[in-house]
Amino acid sequence: MAEAVESPGDPETTTSRPLFAGLSDISISQDIPVEGEITIPVRSRIREFDSSTLNESVQNTIMRDLKAVGKKFMHVLYPRKSNTLLRDWDLWGPLILCVTLALMLQRGSVDSEKDGGPQFAEVFVIVWFGAVTITLNSKLLGGNISFFQSLCVLGYCILPLTMAMLVCRLVLLAEPGPINFMVRLFVVIIMFAWSIVASTAFLADSQPPNRKALAVYPVFLFYFVISWMILTFTPQ
Amino acid sequence: MAAADELAFHEFEEATNLLAQTPNETTTRSDQLSPKGHVAVAMDSGGSYGAEDEVEESDKTMLLQEEKQQPGFWTFGYYQSFFDVDTSQVLDRIKGSLLPRPGHSFVRHQLRNRPDLYGPFWICATLAFVLAITGNLTLLLAQRRDPSIHYSPQFHKVTVASVTIYCYAWLVPLALWGFLRWRKGVRERMGLYTFLETVCVYGYSLFVFIPTVVLWLVPVPWLQWLSGALALALSAAGLVFTLWPVVREDSRLAAGVLLSVVVLLHALLAMGCKFYFFQPLPPEPMASPHQATPPPPATMLPPTLPRSVAA
């Protein structure tokens, strides 16, 4: 029920009166200015910002994107509870990592034998379709993460495995032997665990609590397959 | 008599005490009686009963409306209804498929007519990758014993494995479901499973092959055959016990033929996987005459020398 506005000068008259009845009693003092300008400084700043990215040099644009990608790499290497990967997602990092991994994993074109390692296209397809399938799975299970955020996280968390691939290629330049294999196995296992921990830190919170394991298991399978491809890589 | 005593009116002590304290109030249900809060509950209950009735009515109408509006197959919500399972439910279903019991149909007891697509899809994916990986590992272990065998990652086997497993787990239930529908058209009394329930049964029945395939790494032939036979028996038993209540109403011939075809297809899958991915080792090493490298005792890497020499 609407009650009448109390006029400020009469605190004793608290009986119920019709609405806005006391407005006529209020007098506006002449020395309170009620005119002026309303400006929103933020709006003009945004307009300024938009036009400046069009005019800036190419080097600035590239450096800004590279810095964003580098910052996310750091977040993957030292996984903390932060939202940077999810908030400012981008797919440059996953693309760079996937292309690097596929280039390093493909067998040479001289080898025409059918059973060899994966081709460039096979690695690419496995990584991207695997990431899309896991994202669809977690969305269908009821997770509240967006499609591209999940792709971004899964792609960035391939970084430890790409580093393992680099190390393996360097180790394979040395002489073959059981120590060679043990070193590669050890490195791949460590990096596989790191990838799982990094991606789980970002993805697990977005799932309902009684389905976390259902959403994390496909991620485990995905990184396991990539680790297997890295471990069985044999130079020709 | 005792019966008459039981039938006589018994006044409860608590109620009489409370009535004595507050003679104007009415007594309520015994579970609402409490020494201190009694008065407040009694006074509110009269008003809240009316509100509860209203809430029940609106709930009922809301439920009926929800049932009418099932999402269409082009919406995301339609597919989300097939992934409406918890971790514990998936684990229970897997356990149920590992231990089939006669008379316990998987659909009735485990699925409770709420099939999911998570289990079949990811069990098939896991089985396909495990098949390819363990098949490759077998070759690696064989090469370790006998360095003349050429080891290669054999990545094309992943494609073959996944195509085979997925086709089996989705096309065979489709054929089975179609066949059962046709038989239901002929004989009205037969039961029926939906397509998704059939896919679910087949998908979960493939789970027992995952540990079996890992066991096949051990290069002892009788152990491999024994574990394969055990896995096939468990898996086929699960399928037969699930299908039996449905085909029971059909003629004996049709039921017998259907069940034996199901078991036969399952056996073909198991044996095909065993022979293709775990090829038995050749009896003598395929050594080229120019091979001069003496086999080191514990080499794990493929010798690149024989290939370039033989080429």
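## Contact between the chains

In this predicted model, 31 residues of chain B are in contact (heavy atoms within 4.5 Å) with 36 residues of chain A. The size of an interface is often given as the accessible area lost when the parts come together. Here the area buried between chain B and chain A (the accessible area, 1.4 Å probe, that two parts lose on being put together, summed over both) is about 3,100 Å². Carbon and sulfur atoms give 69% of that area.

## Salt bridges and the side of chain B

Two salt bridges (a side-chain nitrogen of Lys or Arg within 4 Å of a carboxyl oxygen of Asp or Glu) are found across the interface of chain B and chain A. Asp84(B) and Arg211(A) form a salt bridge through their side chains, at 2.7 Å from N to O.

Helix 4 (76–80), helix 5 (87–98), helix 7 (118–145) and helix 13 (304–310) of chain B each give two or more residues to the side that touches chain A. Helices here are DSSP runs of H or I with at least four residues, numbered from the N terminus. Helix 7 of chain B supplies the largest share of that side, nine residues.

## Chain A

Chain A has nine helices and zero strands (E runs of at least two residues).

## Notes on the model

Residues are numbered from 1 along each chain as its sequence is written, and chains are lettered from A in the order in which they are written. Local features need pLDDT of at least 70, side-chain atom pairs count only at pLDDT 80 or more, and totals for chains, interfaces and linings use all residues, while side-chain values use heavy atoms, with hydrogens and water left out.
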